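Colleague: I have not seen this structure before. Could you take me through it?

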Amino acid sequence: NKTDFSKAISKMYEFEKYWGKGSSNNNFVATYPALIYYNGWGNVDQNKDLALSLFKKNSNSKYPNEISLAYLALDSFNNNDKNKAQNYLKKIDEKKKVTDLVSLKKFIKKWIDDWFKNPELVKTLDIYG
């Protein structure tokens, strides 16, 4: 079975609309779709601009998701903006010891592994865009 990521995004929006708090910066309508758009998983076209705007929405929430901050840091590293990347890294829980690009990629890999809990699926995904 192939994961229908497009349908997953649709279901996340639907869930939030009917059962959520209606916040446009929470994980259901910001972070999780952003992961899918950033990496262009499955049947969803890669759209890094949309993904980054969703990650930024989440990063401005009261309780930003660490994976949003991690992808914003990754994008900053990829654009040679180390100062901006370091600012995002500082916002990630200090116990995670995410201090540079190598530790950032390890953090993203572990987070994705923990989120999907499906090693076979994760092997097929590009998790760094």
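This is a predicted model: local features need pLDDT of at least 70, side-chain atom pairs count only at pLDDT 80 or more; totals for chains, interfaces and linings use all residues.

Colleague: What box do the C-alpha atoms fill?

Modeller: Taken along the principal axes, the box is roughly 40 × 35 × 25 Å. Of the 129 residues in the protein chain, 41% are buried.

Colleague: What share of the contacts with a separation of 6 or more comes from residues 24 or more positions apart?

Modeller: Such residues account for 49% of those contacts in the protein chain.

Colleague: Let us turn to α3. What span should this helix have, and what is the distance between its end C-alpha atoms?

Modeller: Helix α3 covers residues 48-59, and at 1.5 Å a residue its 12 residues should span 16 Å. The end C-alpha atoms are 16 Å apart, which agrees with that expectation. The buried residues in α3 are A51, L52, L54, F55, N58 and S59. Seen down the axis of α3, these buried residues fall within an arc of 160°, so they line one face of the helix.

Colleague: And what lies in the loop between α3 and α4?

Modeller: N60 is one of the residues there, and S61 is found in that loop as well. Helix α4 itself covers 66-78.

Colleague: Is N60 buried or exposed?

Modeller: N60 has a relative accessible area of 64%, so it is exposed; the cut-off for that class is over 50%. S61, in contrast, has a relative accessible area of 13% and is therefore buried, since buried means under 20%.

Colleague: Which backbone atoms do those two side chains reach?

Modeller: The side chain of N60 reaches the backbone oxygen of K56 at 3.1 Å. For S61, the side chain reaches the backbone oxygen of N58 at 2.7 Å. N58 is among the buried residues of α3.

Colleague: How far apart are N60 and I9?

Modeller: They are 51 residues apart in sequence and 21 Å apart in space, C-alpha to C-alpha.

Colleague: Changing topic, which residues are buried in α6?

Modeller: They are S103, L104, F107, I108, W111, I112 and F116. Helix α6 has 16 residues and reaches 23 Å from its first C-alpha to its last, close to the 22 Å expected at 1.5 Å a residue.

Colleague: What caps the N-terminal end of α6?

Modeller: D100 does, with a side-chain oxygen that lies 3.3 Å from the backbone nitrogen of V102. After α6 comes K117, whose phi is positive, near 50°.

Colleague: What does S103 touch?

Modeller: Leaving aside neighbours within four places in sequence, S103 is in contact with K97 and V98. The side chain of S103 also reaches the backbone nitrogen of T99 at 2.8 Å. S103 has a relative accessible area of 16%, so it counts as buried.

Colleague: Where is K97, and what is its phi?

Modeller: K97 is in the loop between α5 and α6. Its phi is positive, about 55°, although K97 is not a glycine. Most residues other than glycine have a negative phi. K97 is exposed, with a relative accessible area of 64%.

Colleague: And what about phi of N80?

Modeller: Phi of N80 is near 55°, again a positive value in a residue other than glycine. N80 is found in the loop between α4 and α5, and its relative accessible area of 67% makes it exposed.

Colleague: Finally, where does G129 lie, and which residues does it touch?

Modeller: G129 lies in the segment after α7. Not counting residues up to four places away in sequence, G129 touches Y38, N39, Q46 and K48. At 29% relative accessibility, G129 counts as partly exposed. G129 and D75 are 54 residues apart in sequence and 9.3 Å apart in space, C-alpha to C-alpha.

Methods
Residues are numbered from 1 along each chain as its sequence is written. Side-chain values use heavy atoms; hydrogens and water are left out. Helices (H or I, at least four residues) and strands (E, at least two) are DSSP runs, numbered from the N terminus. The expected span of a helix is 1.5 Å times one less than its number of residues. Buried means under 20% relative accessible area, exposed over 50%, partly exposed in between (1.4 Å probe, protein chains only). The arc is that of the directions from the helix axis to the C-beta atoms. A polar contact is a pair of N or O atoms within 3.5 Å; within protein, one must be able to donate a hydrogen and the other to accept it, and residues adjacent in sequence count only if both atoms are side-chain atoms. Contact means heavy atoms within 4.5 Å.
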